[in-house]
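Subject: Handover of a structure

Dear colleague,

Please find below the structure that I am handing over to you.

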Amino acid sequence: MAAAFSSSSYISNLVKINQQTTHHATRLRLRPDIILLKRRPIPSVKASSANLTTSNWDAWKPDQGSKAPLLSDILWPSAGAFAAMAVLGKMDQMLVKKGVSMTIAPLGAVCAVLFATPSTPGARKYNMFMAQMGCAAIGVLAFALLGPGWLARSTALSASLAFMIYFRAVHPPAASLPLLFIDGAKFHQLKFWYVLFPGAAGCILLCLIQEVVCYLKDNVKF
């Protein structure tokens, strides 16, 4: 009799355990997020000093993804720069009596942008003319208010960067126009005419030469 009672108790305990196991398994099936939380690995952020060092040094190397340029891709921009400076030099000879010149350093940088990298944002006509005229006006205004010196140069340069960023007309060569006016005594007589001459006027000539350079680069390759 005692053996039968023990057997029935044992079986009853097994049934309860089985029911509890089934109940817990059902709850787990209804809560898949618990399983996902348990199995999901904890993300970790690891900074690799080797990768950072490699990326820093890459800026000092040529672009590995670009192929070597054709000889014509080198010759035509160089010829365009020579033609531009030659024309500007001839114009200087006619303007020598007025004490001003067309050949200014910023136009050399404009040549590099227009002839060598015509597809970059800085070579857009809007960027170029908006930045050239705006930065030139800022230089004249800074000189009129602050006179020559480091304060006028610093103020003009910072205002020029803010102007180009705000109007979405970033054109790097234009940032030197205020410095050129403040430090160049021969330009002071131009006052606000400096907005159009020599920067904007020179850019018109360079745009014409750019069209010739781009045509030759696209159609005469060797």
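The model is predicted, so local features need pLDDT of at least 70 and side-chain atom pairs count only at pLDDT 80 or more, while totals for chains, interfaces and linings use all residues. Residues are numbered from 1 along each chain as its sequence is written, and side-chain values use heavy atoms, with hydrogens and water left out.

Overall fold

The protein chain has nine helices and zero strands; helices (H or I, at least four residues) and strands (E, at least two) are DSSP runs, numbered from the N terminus. Of its 222 residues, 29% count as buried, where buried means under 20% relative accessible area, exposed over 50% and partly exposed in between, with a 1.4 Å probe and protein chains only. Among contacts (heavy atoms within 4.5 Å) between residues at least 6 apart in sequence, 76% join residues at least 24 apart.

Helix 6

Helix 6 covers residues 125-146. Its 22 residues should span 32 Å at 1.5 Å a residue, and the end C-alpha atoms are 31 Å apart, which agrees; the expected span is 1.5 Å times one less than the number of residues. Among the buried residues of helix 6 are Asn127, Met128, Ala131, Gln132, Gly134 and Cys135. The buried residues of this helix pack against helix 5, helix 7 (150-166), helix 8 (177-183) and helix 9. Gln132 counts as buried because its relative accessibility is 1%. Leaving aside residues up to four places away in sequence, Gln132 touches Val110, His171, Ala174, Leu177, Gly199, Ala200 and Cys203. After helix 6 comes Gly147, with a positive phi near 75°.

Helices 4 and 5

Helix 4 and helix 5 (residues 105-116) pack at an angle of about 145°, with their axes 10 Å apart. Axes are lines fitted to C-alpha atoms, for helices over the stretch in contact, and angles run from 0 to 180 degrees between N-to-C directions. From helix 4, the contact is made by Pro77, Gly80, Ala81, Ala84, Met85 and Leu88, and from helix 5 by Leu107, Cys111, Phe115 and Ala116. By class, this contact has nine nonpolar, one polar and no charged residues; Ala, Val, Leu, Ile, Met, Phe, Trp, Tyr, Cys and Pro count as nonpolar, Asp, Glu, Lys and Arg as charged, and the others, Gly among them, as polar.

Aromatic rings

The structure holds six aromatic pairs. Rings of Phe, Tyr and Trp (its six-membered ring) pair if their centres lie within 6.5 Å; planes under 30 degrees apart count as stacked, over 60 as edge-to-face and the rest as tilted. Trp76 and Phe222 form an edge-to-face pair, because their ring planes stand at 80°, with the centres 6.0 Å apart. This pair links distant parts of the chain, 146 residues apart: Trp76 lies in helix 4 (residues 71-95) and Phe222 in the segment after helix 9 (199-219). Trp76 is buried at 18% relative accessibility, whereas Phe222 is partly exposed at 43%.

The rings of Phe163 and Phe167 have centres 4.7 Å apart and planes at 45°, so this pair is tilted. Phe163 is buried at 18% relative accessibility, and Phe167 is partly exposed at 33%. One aromatic cluster is formed by Phe143, Phe181, Phe187 and Tyr194.

With kind regards
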